[in-house]
Amino acid sequence: MPLLLAALLFLLLIALCALFLGRWLLVRLATKWCHRRLQAELKIGSFGFFWIQNVSLKFEQHQQTVEIDSVWISSKLLSHDLPHYVALCFGEVRIRTDLQKMSGLPTSFSTTTGVDHRELPLSPSLLRIVCQLFSIHVDSVNIMVLKVATSESLWHIQISRSRFLLGSDGKRWMDCKVSLSQVNSKVLKSGQSEDTCLAELSLAMDLCVEVALSSLQLKAITLYVWTLHAELHEGLFHSQLLHPSLVPTLRPDKMPEITEDLAEPTIPGLSLLQLLPEKVKIELENTSMVLSMNSQKRHLNWTLKLLQFCYHRDEDQLPLRSFTTNSDMAQMSTELLLEDGLLLSQSRQRIICLSSLKASVQVTTIDLSASLVLSTCIVHYRHQEFSHWLHMLSWESQGPTKSLSHSRKTRNFPQILAPIILSTSISNVNVSIQLGDTPPFALGFNSICLDYQHLRPQSIHQRGVLAVDHLCWRVGNDSHIQRAPHPPNMHVWGEALVLDSFTLQGSYNQPLGLSSTQSDTLFLDCTIRGLQVEASDTCAECLSRILSVLAPWSQKPALPRELPSGESPVLLWKVDLKVEDMNLFTLSSLVGASEVRLDTLTVLGSAESSTVGVQGLVLALVKAVTEKMQPCCKAPDIPTPVLSLSMLSITYHSSIRSLEVQCGAGLMLLWSPPDHMYLYQHILATLQCRDLLRATLRPDAPLLQTPEQPGALPEPKDSPPELAPPKRLLNLTLEVSTAKLTAFVAEDKFITLVAESVSLSRHSGSLQVYCPELAAGFDGNSIFSFKEVEVQLLSELEEMILHRNPFPGLETLRNRVWLFSLGSVAVEFPYQYDFSRTLDEAVGVQKWLKGLHRGARTGGPPGPTPLPPDLLIKVQHFSWVFLDDIFEVKLRDNYELMKDESKESAKRLQLLDAKVAALRKQHGELLPARKIEELYASLERKNIEIYIQRSRRLYGNTPMRRALLTWSLTELELVALADASFHGPERVLKQLKELDPSSPFPCEGLELVIQWCRMLKCNVKTFLVRIRDYPRYLFEIREWRLLGRLLGTEQSGQTCSRRRQTLHLGPPWGDVVVERNMPPLKFYHDFRSEVFQYTVVWGPCWDPAWTLIGQSVDLLTKPSADPSAPLPWWDKSRLLFHGDWHMDIEQANLHQLATEDPYNTTENMHWEWSHLFFHWKPGQFVFRGDLDVNVRTASNGCAMGTLMTTTVSSFELQSSCRKCPMASSMTPTGPSDLRTSISPSRWT
C-alpha cells in the first residue's frame, strides 16, 4: 500500500512536471513564433485547465498592443445561453495602435501566412463538425487608435458582447455570423477648445457572411444594424481626417489603371455591382445622425426608421444579352427602401420629412426594369441656416480631387441596347426654399406618375406616359408655409403655376442604320386641366435665381446625330394638345392684375400643318387686388371684359407658308385710356421679366448694334453689296364673323365699330379685305354705315398707270396702290348731336397714344420716308344726312293729317245732311229730333275714331321723313397719286409756292407738322343736295369730272397757339395734359373740272331750314379756342383754301323761288347759263358764257326773258388788313391783333 501510494505520488509528480514543462514549452514556442513571424512580444500571465489569463501581445516596431484579460473554453452543458456545445470565450480585449507608425504588415507575414485559395486545410467533414460544435464569444473589446488625424487625436472603439458563429455543409458553403450587441466609437482630440469630440458612433449589428468552399469567394452578405446613432461635430470637417491626401486610394498617381479605363464608356456604378457578392442584404433600423457646430449650439438631427438594401445576382441563369455594344449583364435585382426619415434643425423645425422611398432595379433575360416610389416628402430649405453647413461641407470638395473629378466628367455614357422599362410614382411632395437675396418660393404636388419604355426591335422605339396631379408653385413671403390645395375655380395670388391635372403620352421612333430611308417620328398627346400661370416681379426673381443655379448644369452641348453626307435630318411629328380652364395672370404692385381666360385650347400639329383652336377667350383687368383669391369663372361669366372672343381657330401650313385665322361670332373689345395704361404697364412689367430671364440664361450675349451706333464698323466702300436672299412672305387669311369694338375717349364719350363677316387675305405682297357691312357709332348713335366694303393693297395696278397719263410731269411710273371699293356709304347725324366733342376727344386720345408709344424713341435726324402708295376710291352710292327734329316732323305730319281729316269730315257731314233732308221729306214731322241728334253724335264719334286710326297708321305704309339735309353722290371715283417730284418737306414747300404765288412767304421759313401733296382725279355721276322733302334739289350736279393738284399743310403753332387738353386716367397716373396745335389745316389747289349740268335752287322760304342746317354744321367742328372774334364764312374759306379753280359747265341753272311755300315749284326766276367757263383765283371770279334770265309763274304758264348777254363778267375782291393785304397765313391770337374784311371793288 505505501508502495502504491508512492507510485501514485511519483506519477503525479511526473505529471505535474510534464504539465509545467509543457506549459513552459508551449509558452516558449508561442513566444518564439510571435517574435519570428509577427515581430511581436507575447506575454501570458497564467493559464490553467481550459483557461488563460493576462495575455499580452506587443508589436515593438509599430507600437501596437493587444491585451486579453482571460481566455477560456466553455460548454453548452455549463451555460444554456451558448448556441453550440463548445465555445471559445474571451474576457476583455484591449487593442492599442498608432496610425502614423503603422505602414502595413511585414512582408514576411504577408507572404508566408497566406493560405492556398484552391485547397482548404480542413476536410469537409471535420469542417462541418467544427462549425457545428464551436463558437467564439467576446465580452468586450476596447480599441484605441492614436494619431488618427493629428498627433493629438484619438479614436476609441468599444464593443460589448460579441459573438462569432460558423456554419457549413462541409462541401459547398460556409457562413460566418458576427453579432455585436453594442458598439461605441469616438474620435477625440486634445486642446483648449470645448469641441474635444470630433465624432461619435453607437450601434448594434449582426453580420452574416457566406463563402463558397470551392473558390473561397463571398457569396452572400447580410448586415443588420439597429439603434445606430452618429454625431459628427464641426472639428471633424476642419480636421485632416477627411482630407483627400490621407486617402491613398483617391490619389491620381495611385490609380493609373482607372484613368486609363475612362476612355471606354461604362455605366456609373455597374462595376461596383459586379464586385458585390451574389446576395447582399443591408438593413438599418432606428438610425439617427447629428451634425453639430459651434459647440453644439447649432446642429442638424437626421432620423431614419428603416433603411434596407437588397441585392441578388443569379450567375446560373441566362444573362441579358447585348446589354451594351460590348458586354452582357447577368440577371439581378436591386432594391432600396427608406422609411420615416426626418431632418430637424436646432429649433426643432422640420427640414426634410420623408415617409417612404422605394427604388428597385431588375434585370432579366429580356429587359431591364426600374421603379421608384416616393411618398410624402416635405423639404424646407432655409439658406440662412444651411449656408453655414454648406460652407463647412464645401471644404471636403477642395483639394487635389478636382483633377480627378475633371477626368470623370469626360466619361461617356455607353449606348444601351437592351430594352428598358422605367416606372416612377411620387406622391405628396412639397419643397420650400428660402434664399437670402430673393423671396421664398415653394413647389408641391399631389402625385407624379411616369412610365417609360425604351425598346429596340428593328428601330429605337421610346414611349412614355407622364401624369401630374395638382402641381402648385408658390412665390412670396408666405409661400414656405404649407397650405391646403386651393378651392376649385379660384386663384390664390402668389401661386405662380397651378396644374390641376397634366397627362402626357408620347412615342419616338428612330430607324436604325445610317442608310435607312425612313424618317424619325414623334407623337405627343397632352391634356391639361386647370392651368393657372401668374407672372410677377417676385416670380421673375425666383425663376431667375433658379435658372442661375441650373445654368452651369445645362451648358453641356448635345452630341449631334451623325448622318450620311448629303442628307438632312427629317422629323415627322404630330402633337395633340388640349387645355381646359386656362387662366393667365400678370400681377403688379402698382396697377393690380390682368387676367386672360381660355375655356378650351386645342393644338393639333404635324410636320405639314398645325391648328390651334380656342373656345371662350377673355381679357379682363383687376384694377385693385384687395382679396387673397380671385374667382376663375367661365369666359361668358366674367364681368366687363376688355376683350372677349367666343371662338378662334388658327391653322398654319408649313409647306406653303400659309396662315389661316377664323374668329367666330362674339369678338368684342372694350377700350379706354385708363385700361390702356393698365395693359401698357402690365406689358412693360412682363417685358422686364423677360429681359431678366434672358440676361440670366445668356449673360454674355452681345448686343445687336445698329449702323448709327458708334461701335458699328462701317462697310468698305469698294466692297460690293451682298444680295440678301429673297424673303418668302407669309400668306395670311383672316375671317371674322362679327366684331364689335368700343373705345371710350372720355367718361361719357365713346366710339363703336361693328363689322360682320370680315375676311382678310394677304398673298405675295398683296392685301385684300372684304366686309359686307361695317358701321361706326358715336355715343350710341349710328353715324357711319358702309356696305360691300373691299380694300386692297397691290404692288401695282394697270388702271393706275392709265390714271397717270393725264399728268406728264410725274416721275414715278409705278407705285403701290390702296384700292377702296364700297357699295354704299351712309352718314347720319342725329338732330342737335354734338359730334365735335367726341371727335375732339378722340383726336386728343390719338395724339396721347402717339406720344406715349413714340416717346421712348431716341431723337435724331429723320431718315427719308418711303413714297406712300396711291389711293383709288370707288363708291357706288354716298349719302350724308342731317336728321331733323322728330317733334317738328311729327307736328307737321299731324297738321297735314288734321287738314285732310277736316276736309273728309266735312264731306261726311254733307252726306249726313243730305240723308237727313231726304228722311225729313219722306217722313215729314214724324221723324223724331232725338234720332237726328243721335245720328250727328254718332258721326262725331266716327270722325274721332277715323282720325285716331289714321294717326296710328300714319307711318305704316310710308316711313316718316327724318332728313333735314340729304347729300348724295352716285358712282364716285377718286384717284390720289403720289410722286417723287413732290414727296418730302422741301418739295412740298416748292409746290406750295407754285400754287399760291401771291401770298408772301415768311423769311424765316415755315415749320410744318403736316405736309403732303397729291395729284387728284375725281369722277361723279350725280351730285345731289336736298333739304327735307322739298321737291327741288338745293344742288344738282351731273357728270362732274375733276382733275388737278391738291396740297395740305398745317403750321406748327407757337406757344400762344397751342391749347391743352386734359385726359383723366385716374390713379395712379392722375391727369395727363396733351398739347394740341391750333393753326388749321390749309389746302392749296389747282383744279380743272368739267360739269355737264349744274343746278342751284334757292329762296327765302328755305331760310328756316337752312338755319337748322347751319346749327347742325356747327356741331361737326369744335369751336375754336381762339378768343378772337370768329371769322365770317368767306374770310374763313379764303384762309383755308388757296389756288386756282377752273370749271367748264355745259349747262348751269339758278332757280330763285319767289313764294313763301318751300314746296312750290312754279313761281321762280330762272337764270340759265350755257357753256359757262368759271375761273376762281385769289380775289377774283371770272365767268364766261351765254346767260338767259326767265321768270316762270303758274298763273299764265309762260316764261318771259328779261336779259340776254354774251359778254365776260368778272368779280374782283380785295382784302383790307392792317398788316398785309394779301396775307393768307394768319395765326390765332388775341382779338386786337386781327381784323379782316372783304369788299367788292370792281365790276366789269
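Visitor: Let's start with Glu901: does Glu901 count as buried or exposed?

Guide: Buried means under 20% relative accessible area, exposed over 50%, and partly exposed in between (1.4 Å probe, protein chains only). Glu901 has 6% relative accessibility, so Glu901 counts as buried. A word on what you're looking at: this is a predicted model, where local features need pLDDT of at least 70, side-chain atom pairs count only at pLDDT 80 or more, and totals for chains, interfaces and linings use all residues. Residues are numbered from 1 along each chain as its sequence is written, and side-chain values use heavy atoms, with hydrogens and water left out.

Visitor: Which side chain meets Glu901 in a salt bridge?

Guide: A salt bridge is a side-chain nitrogen of Lys or Arg within 4 Å of a carboxyl oxygen of Asp or Glu. For Glu901 the partner is Arg908, at 2.6 Å from N to O. Arg908 counts as partly exposed, at 21% relative accessibility. By this rule, the count is 39 salt bridges.

Visitor: How do I check the length of helix 14?

Guide: The expected span of a helix is 1.5 Å times one less than its number of residues. Helix 14 covers residues 929-952, and its 24 residues should span 34 Å; the end C-alpha atoms are 35 Å apart, which agrees. Ile932, Leu939 and Asn943 are buried in helix 14, and what covers the buried residues there includes helix 13 (886-923).

Visitor: Which residues touch the most other members of the largest nonpolar core?

Guide: First the idea: in soluble globular proteins, nonpolar side chains tend to be buried together. A nonpolar core is a set of buried Ala, Val, Leu, Ile, Met, Phe, Trp, Tyr and Cys residues joined through side-chain atoms within 4.5 Å. The largest one here has 86 residues, and those touching the most other members are Ile528, Phe829, Val1020, Phe1023, Ile1027, Trp1040 and Trp1102. Strand 37 (residues 1008-1027) gives the most to this core, with six residues. Another core lies apart from it, with 27 residues, including Leu38 and Ile157.

Visitor: What is Phe829 in contact with?

Guide: Contact means heavy atoms within 4.5 Å. Setting aside neighbours within four places in sequence, Phe829 is in contact with Ile783, Phe835, Trp880, Val881, Phe882, Leu883 and Leu1116.

Visitor: And where is Gln630, and is Gln630 buried or exposed?

Guide: Gln630 lies in strand 26 (residues 629-631). Its relative accessible area is 18%, so Gln630 is buried. Beyond four places in sequence, the contacts of Gln630 include Met490, His491 and Trp493.

Visitor: To finish, how many helices and strands does the protein chain have?

Guide: There are 17 helices and 47 strands. Of the 1244 residues of the chain, 35% count as buried.

Notes
Helices (H or I, at least four residues) and strands (E, at least two) are DSSP runs, numbered from the N terminus.
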